[in-house]
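Here is a short briefing for a first look. Please keep the sequence and the structure in view as you read.

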Amino acid sequence: MKKRHSSLKNSLYSKLVVTYFIVILISFVFLAVFLSVWFERYYYAERKEKLISQQPIFNNMMEGYKYGTITPKTMDSQLEFLDSYLNTRIWIVDRYMFVIASSSKEDKELFMITTDEMYDVLKGNIVSKEGAFKDKFKTPMLTVAYPIIINNQVAGAVIMNSPVYEIKNTLNNIYRFIWVSAVLAIVASTVIIYFLSQRIIIKPLYEINETARLISSGEFERRVSIASKDEIGDLANSFNTMADSLQKLEDLRREFIANVSHELRSPITSIKGYIQGIIDGTIPEEKHEYCLNIALDESRRLTRLINDLLDLSKLESGEFSLSMGQFDINELIRISIIRFENEIEKKKINVDVMLAGDSLYVLGDRDRIGQVLSNLIDNAIKFTGENGKIGLKTTIDDKNVIVGISDTGIGIKEEELKLIWDRFHMVDKSRTAKKGTGLGLSIARQIINQHGEKIWVESKEGEGTTFYFTIKLGENI
Ligand SMILES: Nc1ncnc2c1ncn2[C@@H]1O[C@H](COP(=O)(O)OP(=O)(O)OP(=O)(O)O)[C@@H](O)[C@H]1O
Ligand SMILES: [Mg+2]
């Protein structure tokens, strides 16, 4: 628990929050810029349109002024009224840019407006600009000016100055609103991310982490229980699969140590017993030779077990290199079977040898292939009853030789077929415990794999078993 909270600075959660924070900030900045630009444009367009729509009033006024039906004073008061209604300072100028009427008392004296824009207006164009009369007004103003046309001639112009503090205020309100919602969104997302990430990522990861720690400290039966169907769920599944194989390995290791200890203890105990008996005289002299022979046998068994273990560990660690060469596989098979003569005779086993050709040269490590053959023949004899049959066969298949070792023994159950290749796996431990350690087939498979070849088995319980392996055909010399 401590670990989970201690490194908040680097934790997944804070990374997520920072990411979301940045994303939210960027989106709100965009939103603010977009909204203010849009709003400003909309506001100015609206305002401009409203001011321009008053045009007929000024046209009438100008006409009246021109023909003397309306006095500048009346014009002023009319403009004053419009000003209060539109909240706009209005000036009317004549063709020479002299102000002839104004809505504001402050601008009552005649004055002349000579800006570049005014020339434009008197040419017949509509002009709008912000801050055109900065010196005259304290607050920012939007100025809209347009010509008054009578009988297709520019008779003068209207200049309308509308304060824009309204829009500035509105924009400020919008900005405030956006920032407040940004802060709220950040706070809300922080909380939501906290709960979601806890549920979806952090807790499951913590569980996996914690389980890994427990497994590495020896609690191999620990598993994670995450049912989600996302990547985390996949990770949890893979993790559990890994834990399964770790546990299996661990079980195998324990079993192996138990096996090896047992295997080592019984010959050593008997060797010790015989030697002790000979030394202290409890075994009569005429039995010495017999006992020493048994002790010798037992020490051979020990040697074999230790050699097997060393072989397997070398083969499995990949330290082992093959010394490849050409040799006669038929000859090797004959030599191998002869080594088992005693056992074969003892069990009255019938050996059937069907070899392709007289000599058959293959490419491989002769000693190691000999070891594979010995292991397979040893199994065939071991798991076949008296008067059984063993077959040894070589066939050529394209560029390969297939070697088959068959027996009419007890056979192997369907569900055991995959397992027999595992280290220390023995189908029936009670029956075979004294005969082996379950290493023979693991060694055979490692050797064949190192050759880049295949080894497989076909078997029917109660009828017999055949092991096959392939080896590359050499050139017949
Ligand atoms: N020809 C066979 N017939 C029936 N079962 C077999 C045969 N060959 C192997 N098995 C089964 O596969 C198991 C593993 O064989 P493997 O050769 O690896 O071990 P082992 O013969 O018991 O011991 P080791 O070879 O180390 O002396 C055997 O214990 C046996 O149960
Ligand atoms: Mg064996």
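How do the axes of helix H7 and helix H8 cross? They come within 9 Å and cross at roughly 155°.

This is a predicted model, in which local features need pLDDT of at least 70, side-chain atom pairs count only at pLDDT 80 or more, and totals for chains, interfaces and linings use all residues. Residues are numbered from 1 along each chain as its sequence is written, and chains are lettered from A and ligands numbered from 1 in the order in which they are written.

**The helix pair**

- Helix H7 covers residues 231-280 and helix H8 covers residues 288-317. Helices (H or I, at least four residues) and strands (E, at least two) are DSSP runs, numbered from the N terminus.
- H7 and H8 are therefore roughly antiparallel to each other. That term applies to angles over 145 degrees. Axes are lines fitted to C-alpha atoms, for helices over the stretch in contact, and angles run from 0 to 180 degrees between N-to-C directions.
- In H7, the meeting residues include Leu-264, Ile-271 and Ile-278. In H8, Leu-292, Ala-295 and Leu-302 are among them. Contact requires C-beta atoms, placed from the backbone, within 7 Å.
- The residues of this contact divide into twelve nonpolar, four polar and three charged. Ala, Val, Leu, Ile, Met, Phe, Trp, Tyr, Cys and Pro count as nonpolar, Asp, Glu, Lys and Arg as charged, and the others, Gly among them, as polar.

**The sheet**

- Five strands form an open sheet in the order S2-S1-S5-S4-S3, with antiparallel pairing. Two strands pair if DSSP finds at least two bridges between them.
- Strand S2 (99-102) and strand S3 (127-130) are the edge strands, each pairing on one side only.
- From one strand to the next, the twist averages 20°.
- S3 and strand S4 (residues 141-150) run antiparallel, joined by four bridges. Glu-130 stands opposite Leu-142 in S4.
- Helix H4 (residues 72-86) lies across strand S1 (89-94) and S2. H4 runs at about 50° to S2.

**Two exposed residues**

- Phe-177 sits in helix H6 (residues 165-216). Phe-177 is exposed, with 12 other C-beta atoms within 10 Å.
- Phe-177 and Ala-32 are 145 residues apart in sequence. Their C-alpha atoms are 9.5 Å apart in space.
- Asn-342 belongs to helix H10 (residues 341-346). Asn-342 is exposed, with 8 other C-beta atoms within 10 Å.
- Asn-342 and Ile-396 are 54 residues apart along the chain, and their C-alpha atoms are separated by 30 Å.

Key: A residue is buried if 20 or more other C-beta atoms lie within 10 Å of its own, exposed if 12 or fewer, and partly exposed in between; C-beta atoms are placed from the backbone. Angles under 35 degrees count as roughly parallel, over 145 as roughly antiparallel, 65 to 115 as roughly perpendicular and the rest as oblique. Two residues are in contact if their C-beta atoms, placed from the backbone, lie within 7 Å.
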